[in-house]
Amino acid sequence: MALLEVSDLVVHYGKALALDGVSLSVAAGELVAVLGPNGAGKSTLLKAISRAVPMSRGHIGFDGQSLDPLPAHKVVAAGICHCPEGRRLFPELSVLKNLQLGAYLRDDKDGIAADLARVWGLFPVLRERSRQQASTLSGGEQQMLAIGRALMGKPKLLLLDEPSVGIAHRLKLEIFESIRQIQRDGTAILLVEQDALSALGIAGRVYLMEHGRIACEGTSDALAHDDYIRQVYLGV
Ligand SMILES: Nc1ncnc2c1ncn2[C@@H]1O[C@H](COP(=O)(O)OP(=O)(O)OP(=O)(O)O)[C@@H](O)[C@H]1O
Ligand SMILES: [Mg+2]
């Protein structure tokens, strides 16, 4: 059975239709990417899963329970952490404090300490800068902090919204390598990404979104060899 099962999800902003019957699934430990042009509804999909926007219709099942009646903090408690577009850090607070706030629903001290050690291992630069204000980090380092903070919630499923946007090439490679490592360590990931080539390189399966719908889906290998995808998304 899938870890995350989204079926026929419809979301409106006022009268405007943003998601028009989206269905997708993510298995435990799987890395799935969602690609698509600006305005396709990718961020809205992640927001609907984490209950940051209300759904008009559809069903979201996670880890054997229905998320439909749950408020956002219960979704976090169920095991879904969202690393949103624009990162949403607490800029005045230190790196360490931002990470600790990611564990706000937990009281297992030893587990929190172990996860902090995991974040330091994934992103050593954050440890070096643990006392620094988050606002003073570079864009790439802030993205690492946003991912680290989401990991401090001990998710079974991590929702990542465009982790590589606006980041220097070297840090981008590092971030994609960390995402791969997070999956290897057993966390499932639903990754929204503009950089189709990088996403196809690390995801097992891919969904393509256009105009609020899933236009096609397949394994990364199959889509990387699809003529339409190559022309429109890879520019080759
Ligand atoms: N808060 C909002 N109020 C009204 N309309 C919105 C709101 N947020 C998004 N939309 C609209 O919903 C549609 C889907 O937006 P969404 O942000 O999900 O797209 P996206 O695929 O993430 O795009 P991008 O690649 O640019 O991040 C767009 O037409 C957008 O203008
Ligand atoms: Mg978006």
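Here is a short chat about a loop residue, a ligand shell and a hairpin in this predicted model.

Visitor: Why is Leu-105 called exposed?

Guide: Leu-105 has 11 C-beta neighbours inside 10 Å, and the label exposed applies at 12 or fewer, so Leu-105 counts as exposed. You'll find Leu-105 in the loop between α3 (95-101) and α4 (109-122).

Visitor: Which residues is Leu-105 in contact with, leaving aside its neighbours within four places in sequence?

Guide: Those are His-73, Val-76, Ala-77 and Gly-153. A contact here takes C-beta atoms within 7 Å. As for Ser-7, its C-alpha atom is separated from that of Leu-105 by 28 Å, and the two are 98 residues apart along the chain.

Visitor: On to ligand 1. What makes a residue part of its shell?

Guide: Its C-beta atom has to lie within 6 Å of the ligand. The residues around ligand 1 include Tyr-13, Asn-38, Lys-42 and Thr-44.

Visitor: Which element gives the most to that shell?

Guide: That's α1, with three residues. Both β2 (16-26) and α1 (42-49) supply at least two each.

Visitor: How does the shell split by class?

Guide: There are four nonpolar, six polar and one charged residues around ligand 1. Gly counts as polar, and the shell has Gly-36, Gly-39 and Gly-41 among its members.

Visitor: How do you know that β9 and β10 pair?

Guide: Pairing needs at least two bridges; six join β9 (residues 205-210) to β10 (residues 213-219), so the strands pair, running antiparallel. One bridge links Leu-208 with Cys-216 in β10.

Visitor: What lies between β9 and β10 in the hairpin?

Guide: Two residues, and His-211 in the turn has a positive phi of about 50°.

Notes: Residues numbered from 1 in each chain as written. Chains lettered and ligands numbered in written order. Predicted model: local features only at pLDDT ≥ 70, side-chain atom pairs only at ≥ 80, totals over all residues. Helix = DSSP H or I, 4+ residues; strand = E, 2+ residues; numbered from the N terminus. Buried ≥ 20, exposed ≤ 12 C-beta atoms within 10 Å, placed from the backbone. Contact = placed C-beta atoms within 7 Å.
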